[in-house]
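Subject: Handover of a structure and notes on its contents

Dear colleague,

Please find the structure below, followed by an account of what was found in it. I would be grateful if you could read the notes with the coordinates open.

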Amino acid sequence: MDSQNTQAIEQLNKQIRLEEIRLLYGGTPFSYTASVVISLIIYYVLLGHAVSQSNLNIWLITISLVLLVRSIESYRFSKCDKHEQSEPGWRVRFYIGTGAAGFCWGLLPWLGYSHEVEYLAFIMICQVGVIAGSLSTLSYRWETMALFLWPASILLILRLIAEGGHFSNVTSFVLSIFVFFSLSAGRRIFNNTQQNIRLRIEADNRERAIELMHQKQALHLQNTPLAIIEFDIDFNISEWNRAAERIFGYSKKEALDEHVMRLILTRDSSTEAEKLWQRLLNYEAVIGTVIENKTKSGATIFCEWFVTPLTDENNDIVGIAAMALDITDKKQNELAIIKSKEEAEKANQAKSDFLSSMSHELRTPLNAILGFTQLLKYEKELTRKQQSHISEIGNAGNLLLELVNQILDLARIEKGHLQLSMEQVTLSDVFKECHSMIAPLAEQGNLSLDIKSETDGYVIADYTRLKQVMLNLLSNAIKYNVKNGSISLKVIQKENNIIRICIKDTGQGISEDLLPEIFQAFNRLNATNSIEGTGIGLSISKQLIEMMNGTIGVTSKLNEGSEFWIELPGKLNITTSIERESQPATPDASLTNEAAMKHNILVAEDNPTNQNLIMSQLEALGYKADLVKNGQEALNKMINNNYKLLLTDCNMPLVDGYKLAKTIRGQGNTKLPIIALTADAFPEKKAQCLEAGMDDQITKPVSLETLQITLEKYLN
Ligand code: ADP
């Protein structure tokens, strides 16, 4: 700020100096002409009366030469531009010229000297006149005055003193006083002139700045993309710039004095405008309100308004100043984006629905494939080859089931239907379970597996889903490992109560350029077809971990191995073991149960293959069962039979499973165990079944083991 001020002062002083030198040179035509005329008159008058004619001639020549040089100098100055005139040389030369002129005038009483008193008096009068006259043209600078006055007057006074005598002494005394007063008067004139110059320059500068501001404002007003409109409290337009003409289509002439509301507001925006008006009446400025407007051609446009009330000295509102920006394109783009987002969401929804229904549809035939395969496994008369084929079918079926389950998970996550049950998960529990499930696979691949199952600590997570993610990472570490490689799992406590679980392998690794794609669904990078996989596991893992407020990542080096890590809130060295339902022991399904024979079960199922399967499974487990095709038949059948349990499909014609359960419970039969057989693995399906009055739900494909455990649970 200070440096800005100093700069401004310096600039002002420069302007003053320039003005002074201009004024000094500007006065020269008059003063030089006067000097020439006076010199000639003096010469003419003194001709024949001077003591030495040659001296008088010398004086005239000298003063003429000085005047000539100074005139040339003045002419040159007048031809210079402002910048050149500011050069200090002009000032110095002017001072020298003034001094020389003063000296010439001082020489007059010496060179033009006359013994005749009247001519002496004449010389003095001329001399005094020239001195007095110079004040007006030289007082712009104190130095120029002094340079002229001193030689001119001192030489005159000296001449008088040299002359001697009473008259000369008195005259020299009076002259000294005159010079003294002239100089002090000159000093005052100089001060006043200085002040005037300063004030004039300052005023000029201010005027120029104001003019510049007006010019800028006018330029902005005309060229801004903002429509600038002013109107009085009766809404009559008083200002309408070029942008307003362009945006609304009315010329300034057409718009002035028109009612602003009628001119550019649509009917739909009147409420909005009314609200805006109320705010203005409360002296509130309105910033960025979007209003629907109309143009001269009747087109609807959207404008963003910036409006402020104008007040008089009594703070009464006298008008409104408004600026409007046409944002129709932006608004239309926004609408288009919203529309395409909605369309994309719809397409995504359709994709999720498709995935969900496709996997649902796949579960029904899979139910038959896996179910019958399992039944066949217990056939005693099969050859070894046949048994091997059956186990191949079973493996392929299980793989397909896993894929279907993964797609279902993906669809549920995308639809936001997946619900987590967050709890403190003891690390050793998950690690032990993962170890027992993964160890046989590692053994098959001849890989060493190092999982610190005894790790003390917990994380906040969904137990089942964390296990799912870890199994995915561990099975990948096995699948993509090299012969005799190793897999290790370690846990690190990080800052802010974060636990990092790292799963490291010694496999082929992943190249750096592929790493960013690794968590994309269905992206198998460049995994060979010989390694089974779908490319969904990591995508699901990432989404699950993020839903658990965690992060997942990977570092990898080609040909050295990869390290996948999960970070979740938690702590190490704290044991909080939660009792979990122990996995049910696998029943020996090959044995038919004596007790089971006693129970009579009713099965309601409409699909012929599934009918065949469930009846065969029940028979294999030793249960006696009747089959009906829908809920209505089931209700009829139950009238004359005393069933111990009802196994029912959910989606059946006429009366479906839910209706059937509701009717049975509605009839007061609360004891009959009702178990649903559903193709949907969603938890909400189970909730729906329980709500209809059923006791439990088994998800297809139904394994013999699950069927047996469930039946035993409800029949005993
Ligand atoms: P999938 O294993 O079924 O193909 P994933 O989503 O689990 O699907 O993994 C995606 C891809 O990431 C795999 O196809 C594989 O190319 C790569 N990948 C995953 N884990 C590893 C690993 N430990 N080492 C090398 N590559 C891996």
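The C-alpha trace spans about 170 × 70 × 45 Å along its principal axes.

Two sentences on provenance are needed at this point. The model is predicted, and local features need a pLDDT of at least 70, side-chain atom pairs count only at pLDDT 80 or more, and totals for chains, interfaces and linings use all residues. Residues are numbered from 1 along each chain as its sequence is written, while side-chain values use heavy atoms, with hydrogens and water left out.

Confidence

The predictor's confidence in each residue, pLDDT, runs from 0 to 100. Its mean over the protein chain is 87, and 96% of the residues reach 70 or more. Two segments call for caution. Over residues 575-579 pLDDT stays under 50, and the model has 10 contacts beyond four places in sequence for them; a contact means heavy atoms within 4.5 Å. Over residues 581-592 pLDDT likewise stays under 50, with 18 contacts beyond four places in sequence.

The chain as a whole

Of the 716 residues, 43% count as buried (under 20% relative accessible area, with exposed over 50% and partly exposed in between, using a 1.4 Å probe and protein chains only). The accessible surface comes to about 38,900 Å², of which 55% belongs to carbon and sulfur atoms; areas come from the Shrake-Rupley method with a 1.4 Å probe, and for residues only the protein chains shown count as cover. Among contacts between residues at least 6 apart in sequence, 66% join residues at least 24 apart.

There are 69 positive and 83 negative side chains, and the centres of the two sets lie 2 Å apart. Lys and Arg count as positive and Asp and Glu as negative, without His or the chain ends, and each charge is placed at NZ of Lys, CZ of Arg, CG of Asp or CD of Glu.

Individual residues

Arg-70 sits in helix H3 (residues 53-79) and is buried at 10% relative accessibility. Beyond four places in sequence, Arg-70 touches Tyr-32, Phe-94, Gly-97, Thr-98 and Ala-101.

Thr-455 belongs to the loop between strand S7 (448-451) and strand S8 (457-462), where its relative accessibility of 15% makes it buried. Its contacts beyond four places in sequence are Leu-427, Ser-428, Phe-431, Val-491 and Leu-572. Leu-572 is 117 residues away in sequence, yet 7.9 Å away from C-alpha to C-alpha.

Leu-471, in helix H16 (residues 463-479), is buried at 17%. Leaving out residues up to four places away, Leu-471 touches Cys-434, Met-437 and Ile-438.

Ile-487 lies in strand S9 (residues 486-494) and has a relative accessible area of 1%, so it counts as buried. Among its contacts beyond four places in sequence are Leu-447, Leu-449, Leu-474, Ile-478 and Ile-503. From Ile-487 to Ile-545, 58 residues along the chain, the C-alpha separation is 21 Å.

Backbone geometry

Most residues other than glycine have a negative phi, and most peptide bonds are trans. Asn-497, which is not a glycine, has a positive phi of about 55°; this residue is in the loop between S9 and strand S10 (498-505) and is partly exposed at 41%. Phe-522 also has a positive phi, of about 65°. The loop between S10 and helix H17 (537-547) contains Phe-522, which is partly exposed at 48%. Finally, the peptide bond from Lys-700 to Pro-701 is cis, with omega near 0°, and Pro-701 lies in the loop between strand S17 (696-699) and helix H22 (704-715).

With kind regards

Note on methods:
Helix = DSSP H or I, 4+ residues; strand = E, 2+ residues; numbered from the N terminus.
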